[in-house]
Amino acid sequence: MKYRKPTEHVDAMQYTGRNLDEVMGFCSSLVESGGFGFTDRVNGQIVMNSPAGTERAIPGDWIVMADDGSLRAMKPDAFAATYELAE
């Protein structure tokens, strides 16, 4: 049997470690609710706490926002294998 992931459109931003302000703007609902944090200045880890659970991202990871507003972090190779640019 073959399976295929249904088409999903998401907004996404890659966290580079140097674009924290832009990422905070992208995650503004979590920032406003207190669910967003910058916890590790050594490796630049950010933490996103939402009702769905805790997600952690390090520089190079993608932050993905689904249609329902939920956020998750994805490693670059997983993101590239899952999504393609929609224009």
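Q: Let's start with the overall layout. How many helices and strands are there in the protein chain, and in what order do the elements run?
A: Happy to begin there. The protein chain has three helices and six strands. Read from the N terminus on, the elements go β-α-α-β-β-β-β-β-α. Please keep in mind that the model is predicted.

Q: What share of the residues of the protein chain count as buried, and what does the accessible surface come to?
A: Of the 87 residues, 29% count as buried. The accessible surface of the protein chain is about 6,200 Å², and 51% of that belongs to carbon and sulfur atoms.

Q: How should I read strand pairing, and which strands make up the open sheet?
A: The general idea comes first: strands of a sheet pair through backbone hydrogen bonds, either parallel or antiparallel. Here, an open sheet of three strands has the order E1-E5-E6, and the pairing is antiparallel. Strand E1 (11-14) and E6 are the edge strands, each pairing on one side only. On average, neighbouring strands of this sheet are turned by 20° against each other, direction ignored.

Q: How many bridges join E5 to E6, and which residues are partners?
A: Strand E5 (residues 62-65) and strand E6 (residues 71-74) are joined by four bridges and run antiparallel. Val64 has Arg72 as its bridge partner in E6, while Met65 has Leu71.

Q: Which residue takes a positive phi in the hairpin of E5 and E6?
A: Look at Gly69, whose phi is positive and near 90°. This hairpin has five residues between the strands.

Q: How many residues does the hairpin from E3 to E4 pass through, and how do those strands pair?
A: That hairpin joins E3 to E4 through two residues. E3 and strand E4 (residues 53-57) pair in the antiparallel sense over five bridges. In this pairing, Ile46 stands opposite Ala57 in E4.

Q: Now the aromatic rings. How many aromatic pairs are there, and why is the pair of Trp62 and Phe79 called stacked?
A: In general, a pair of aromatic rings is described by the distance of the centres and the angle of the planes. Counting pairs with ring centres within 6.5 Å, there are two aromatic pairs. The ring centres of Trp62 and Phe79 lie 4.2 Å apart and their planes are at 5°, so this pair is stacked; the cut-off for stacking is under 30 degrees. The pair links distant parts of the chain, since Trp62 belongs to strand E5 and Phe79 to helix H3 (residues 76-82), 17 residues apart.

Q: Which residue forms the tilted pair with Phe79?
A: Tyr83 does: the two rings are 5.2 Å apart, centre to centre, with 40° between the planes.

Q: Are Phe79 and Tyr83 buried or exposed?
A: Phe79 counts as buried because its relative accessibility is 12%, which is under the 20% cut-off. Tyr83, at 12% relative accessibility, counts as buried too.

Q: What about the largest nonpolar core: which residues touch the most other members?
A: The general idea is that in soluble globular proteins, nonpolar side chains tend to be buried together. The largest nonpolar core here has 13 residues, and those touching the most other members are Val23, Cys27, Phe36, Ile46, Met48, Ile63 and Leu71. Helix H1 (20-26), strand E3 (45-50), E5 and E6 each supply at least two residues of this core.

Q: What does Phe36 touch, leaving aside residues up to four places away in sequence?
A: The contacts of Phe36 include Leu20, Val23, Met24, Cys27 and Leu30. Val31, Ile46, Val47 and Met48 are also among them.

Conventions:
Residues numbered from 1 in each chain as written. Predicted model: local features only at pLDDT ≥ 70, side-chain atom pairs only at ≥ 80, totals over all residues. Heavy atoms only, no water. Pairing = 2+ DSSP bridges. Phe/Tyr/Trp six-rings, centres within 6.5 Å; stacked < 30°, edge-to-face > 60°. Buried < 20%, exposed > 50% of the residue type's maximum accessible area, 1.4 Å probe, protein only. Core = buried A, V, L, I, M, F, W, Y, C linked by side-chain atoms within 4.5 Å. Contact = heavy atoms within 4.5 Å. Areas by Shrake-Rupley, 256 points an atom, 1.4 Å probe, with all protein chains shown as cover. Axes fitted to C-alpha atoms, helices over the stretch in contact; angles between N-to-C directions.
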